[in-house]
Each structure stands twice: as C-alpha cells, then as structure tokens.
Amino acid sequence: MDAWIDAAVTALSEVGRDFIGCGPANVVRKHDHIPGDLQGAYIPLVCPTVSFQLALLATSDGAQRLAKAMLCVPEDEELPPADVADAMGEIMNIVAGMVKNVMQPKVESLKLGLPMYIHGHVQGSNGVEIRVVDLQLGDQATHLLVLKQQSTT
Amino acid sequence: MKILIVDDSRAMRMIVMRHLRQAGFGNHTMVQAGNGVEAYNEIQSAPPDIVLCDWNMPEMNGIELLQKLRGEGNGIPFGFVTSEGSVEVRKLAMDSGAQFVISKPFTAESFEVALADHIG
C-alpha cells in the first residue's frame, strides 16, 4: 500500500507543479479516516487480484480553484459543476496513469478505468483498506484517498 | 490544416488546444469529438488532416477507432494523447498504425515535436 501511496503523491506533485501550475503537493498528514463533506474525482486501477480506487478530494471552493487553475480560468469566473468534475477527473486520470506506469512492473494486468465525480461521504466496508493523505497542493488543501480491496477469487 | 481532437473530457480538449496554440499550431482549424464514435463520424463526413486522440473513452475507445480506420484502409495521420503511457500501450498504438503517442502530463514541446513531421 505504501508504494501505491508514494507513487500517487509523487504523480500528484508533478501534475500540480508542471501541468496545473498550482505548485507541488506537500504531505501534511497520513491517516485512515475518510473525510466527510467533500467532493472529488475517483478513478479505478484494477487487476485480477486487487482493486484500487484513487481519489482527489477537496471542498467545493477548493475543487473550483483547482479546476480554474487547470483550465487557466480567471479567479472571478465561476465554473459550472460539470466543468469542475471534468477537470478534477482529468487530474486523477493523469495521476492514475502515472501510478500505473510505476506499479505495472509489480502488478500483472493492471488496467485503468474512467474517472467518476462524487459529492459526499464514501463509506469504507469490510475488507477495504483505506489510506488518506492530507496534502497542500500549492496553497490548496486537498486529500488523496487510496482504497484497496483484495479479490476473493 | 484541420486537427481533430478526440477526448471524452472537454477540459482536456481545451488544454490540448491551448498547448497546440502554444506550440505554434494556432493558425490551424481545430475541431473536437467526445468519443470514438463521434470522431469516426466526423472523419467520414469532414475529414481532418490529423487526429489527436485519447485512449480510454466510452462508446468507442481510441485504439478501437484507430483499428477501425486502418481496417478500412484509412491512413489518416493519427496520434494518441493519453495517460496510458506504458511500453505495452505504446507498442499496441504503433503496431495499430499510430504515428506517435504523447503522454499526459504533456508540454507544448511534446506537440511541437510529435506534429512537426505531419503539420507544416
């Protein structure tokens, strides 16, 4: 799990610094409590033996700021929710692709899914391993969520 | 020249167009499609000069689009712009008839280098 988290943090830092332009990711805290009242983009990375969900969570305002930075939209313009979801989803699409490149040699048949944007609290269930990394992406507080579920087959 | 940008993310299509302008291709016409089916229909009805295509998309993904085009004898210049940057994906792309693969995150230079042989 640590290798996946490290790969995701490194990828998000590079994307934040070089692609979004908001600055690198700085880790504030690591824990296993999924924060509530947030929204974010989730994307699956799956193989026959294990499934991962990677997610980038932020407040409504935070997601707006990240999306605007990515799309080079002025601060005083409001993006519609669909555009925020789209931009955040694309951030995680890129991050997950970079994670896949790092982890592919270690995990057979790793496949990348399509992102989904979710508002609200995600409940972990039995058998799901949870890790949360509280990050500053530039000056924006965000949370990287990594959920891991081992296959039972 | 006309460039067709194919990605299910409108945000990414806008970012690709911005990078194309930064790379010096701003004087070319840019058109968009949201998935492989839309792109195929656009290619049939109003053929572009080059296609820049995402890999993972609903309806019809990028590799399915490319394989369909090449299977019909359509040799339109075609490149991927994708977060799927593994060796296996690149090999499949090139074996299927793509001219180049640009990995996300990209720079304007990525497009400058990849498109130099295909766009004046």
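**Exercise 1.** Determine how many salt bridges there are between chain A and chain B, and describe the side of chain A that touches chain B.

*Solution.* Between chain A and chain B of this predicted model, the count is three salt bridges, a salt bridge being a side-chain nitrogen of Lys or Arg within 4 Å of a carboxyl oxygen of Asp or Glu. One of them joins the side chains of A:Asp83 and B:Arg10, at 2.5 Å from N to O. Next, the elements: helix 1 (2-20), helix 2 (60-71) and helix 3 (81-103) of chain A each supply at least two residues of the side that touches chain B, where helices are DSSP runs (H or I, at least four residues) numbered from the N terminus. Helix 3 of chain A gives the largest share of that side, 10 residues.

Residues are numbered from 1 along each chain as its sequence is written, and chains are lettered from A in the order in which they are written. Local features need pLDDT of at least 70, side-chain atom pairs count only at pLDDT 80 or more, totals for chains, interfaces and linings use all residues, and side-chain values use heavy atoms, without hydrogens and water.
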